[in-house]
Amino acid sequence: MAAESEEPIIGSYVVGNFPSQYGYDQPVDLMNGQAASNANASNGRLTVGGGVTSQVDAASAGVGAAMPPIGSASTASIAGAAMAGTTAMPQTPPEEKPRILVMGLRRSGKSSIQKVVFHKMSPNETLFLESTCKIQKDEVSDCSFIQFSVWDVPGHIDYLTDIFDTSDTFASTGAIVFVIDAQDDYMEAIDRLKVLVSGAYNVNPRIKFEVFIHKVDGLTDEQKIEVQCDITQRANDLLIDIGNGNEVINIHYHLTTIYDHSIFEAFSKVVQKLIPHMGAFESLLNIFCNNSGLEKAFLFDVATKIYIATDPSPVDMQVYELCCDMIDLVVDVTTIYSEGQESDELGFSEDTCSSIRLDNSTVLLLRGVDRHLALVCVLREESMDRQGIIEYNFQRVRQGLQRVLTLKQSLSSSIAAASDSQVPGALKSVEASLSNGAALD
Ligand SMILES: Nc1nc2c(ncn2[C@@H]2O[C@H](COP(=O)(O)OP(=O)(O)OP(=O)(O)O)[C@@H](O)[C@H]2O)c(=O)[nH]1
């Protein structure tokens, strides 16, 4: 579970004790020079097809983390070293959208990640991408639930020697994704990470730092664990020097590759940290699952296949991939066959629904929430006896989510503007209205 508290975390970190998973949180205790342990819940897993798969603790995805109000972050300048140089960062007007910076050395895979996740580029096409010369901004505003921008910062921009407008850039940044090429010598990347974290943290201590240990498709399982341990250890050793000796900087590490769903899963976790009131969404999905006999429920942004929220049980990569495949299938069918759709639309609506029965007594259910969002649920075949209750509860959940979206639209273009009580309040009232079927028993 990610530590969200301002308090220092005291814990013991055992090297080599990593779960074989595609994401974990590794808080660094700057006071004691140790990384706090990160025990992930491992019960309640659902395996599909009987395979042993990597486990991800969904609850570690920044639950309750609220995006700082833009402009409210500290804008203290960082040391002059980071300010001197030749290439200027663009001056950006204040904007309401949370910003995610994708940074890292040249050819580490930053543009590829952005193209694959947000532009549906096939991984093989990234082989022909040219080096990025200047910052590329991507407005991810089609996603109705949260609108954010992703900046691809070219690897040649040096935070030490270039004029890097740190106060302006970092003050309104929600998360920094730092990409490290796991197939390359990563020592320089770790040094660069230290400079970056130090600069960004001094300007805005609320920034979430996410390290993507990338291109792991070229590594064996043993190598993955080895590289993950090594990078984490080295990065943490360097980061201990940062801060005032009593502060904790949370760095979250993810093993990623564009050649499987790990990159979508990792980006999902990054985005979730920018959504305020995430705990309320989790709680709603939790009660939805419990009352309806579901194993797992994901709220997906259909276009990107980023899951915006899920219930607190651990996320199984194989289950996540199945849900993504189901979205692809439904999108393909609706795009080709539904009438009156613009060519660039996905053909999704609140009427979209689909059920797929798998050969292992598992059922996948997909229900549209609006043009952009879908709930995808996984359940055992026998739970389909309660289909009436599932549908009833789904309608309630959808109404609650639509209400939150309306709240957001009426208050601001950003969900962050909704007052603290309104969003959780709306979701709590939905929770209370969900049926557990007791009246029918
Ligand atoms: N094997 C493998 N190769 C990848 C992966 N992601 C990206 N690449 C390759 O890495 C190379 C560099 O990718 P880019 O996305 O251009 O790297 P970049 O970090 O944006 O580079 P700059 O623009 O120079 O900063 C390309 O040939 C990609 O195909 C991955 O997950 N696995």
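User: Why are H1 and H5 called roughly perpendicular to each other?

Analyst: Helix H1 (residues 110-119) packs against helix H5 (residues 262-272) at an angle of about 85 degrees. Angles from 65 to 115 degrees count as roughly perpendicular, those under 35 as roughly parallel, those over 145 as roughly antiparallel, and the rest as oblique. H1 and H5 are therefore roughly perpendicular. Their axes are 10 Å apart. Each axis is a line fitted to C-alpha atoms, for helices over the stretch in contact; angles run from 0 to 180 degrees between N-to-C directions. The model is predicted: local features need pLDDT of at least 70, side-chain atom pairs count only at pLDDT 80 or more, and totals for chains, interfaces and linings use all residues. Residue numbers start from 1 along each chain as its sequence is written.

User: Which residues of H1 and H5 meet?

Analyst: Ile 113, Val 116 and Val 117 in H1 meet Ile 263, Phe 264 and Phe 267 in H5. Contact requires C-beta atoms, placed from the backbone, within 7 Å. By class, this contact of H1 with H5 holds six nonpolar, no polar and no charged residues. Nonpolar covers Ala, Val, Leu, Ile, Met, Phe, Trp, Tyr, Cys and Pro; charged covers Asp, Glu, Lys and Arg; the others, Gly among them, are polar.

User: What makes up the shell around the ligand, by class?

Analyst: The shell divides into five nonpolar, 12 polar and five charged residues. In total, 22 residues surround the ligand, the closest being Gly 109, Ser 111, Ser 112, Thr 132 and Gly 155. To be near, a residue needs its C-beta atom, placed from the backbone, within 6 Å. H1 gives the most to this shell, with three residues.

User: How do you know whether Leu 193 counts as buried or exposed?

Analyst: Leu 193 has 25 C-beta neighbours inside 10 Å. Buried takes 20 or more other C-beta atoms within 10 Å, exposed 12 or fewer, partly exposed lies in between, with C-beta atoms placed from the backbone. Leu 193 therefore counts as buried. It sits in helix H3 (residues 187-203). Leaving out residues up to four places away in sequence, Leu 193 touches Phe 178, Val 211 and Ala 235. Across the chain of 441 residues, 47% count as buried.

User: Why is S11 said to be largely enclosed by the rest of the structure?

Analyst: Five of the five residues of S11 are buried, so S11 is largely enclosed by the rest of the structure. Helix H6 (residues 278-292) lies across S10 and S11, at about 135 degrees to S10.

User: What makes strand S11 an edge strand?

Analyst: The open sheet has five strands in the order S11-S10-S15-S14-S13, with antiparallel pairing. Its edge strands, S11 (306-310) and S13 (353-357), each pair on one side only. Pairing takes at least two DSSP bridges.

User: How many bridges join S10 and S11?

Analyst: Strand S10 (residues 296-301) and S11 pair over four bridges, in the antiparallel sense. Asp 301 has Ile 306 in S11 as bridge partner, and Phe 300 has Tyr 307. Four residues lie between the strands of this hairpin, where Lys 305 takes a positive phi near 60 degrees. Strands are DSSP runs of E, at least two residues, and helices runs of H or I, at least four, numbered from the N terminus.

Definitions and conventions
Two residues are in contact if their C-beta atoms, placed from the backbone, lie within 7 Å.
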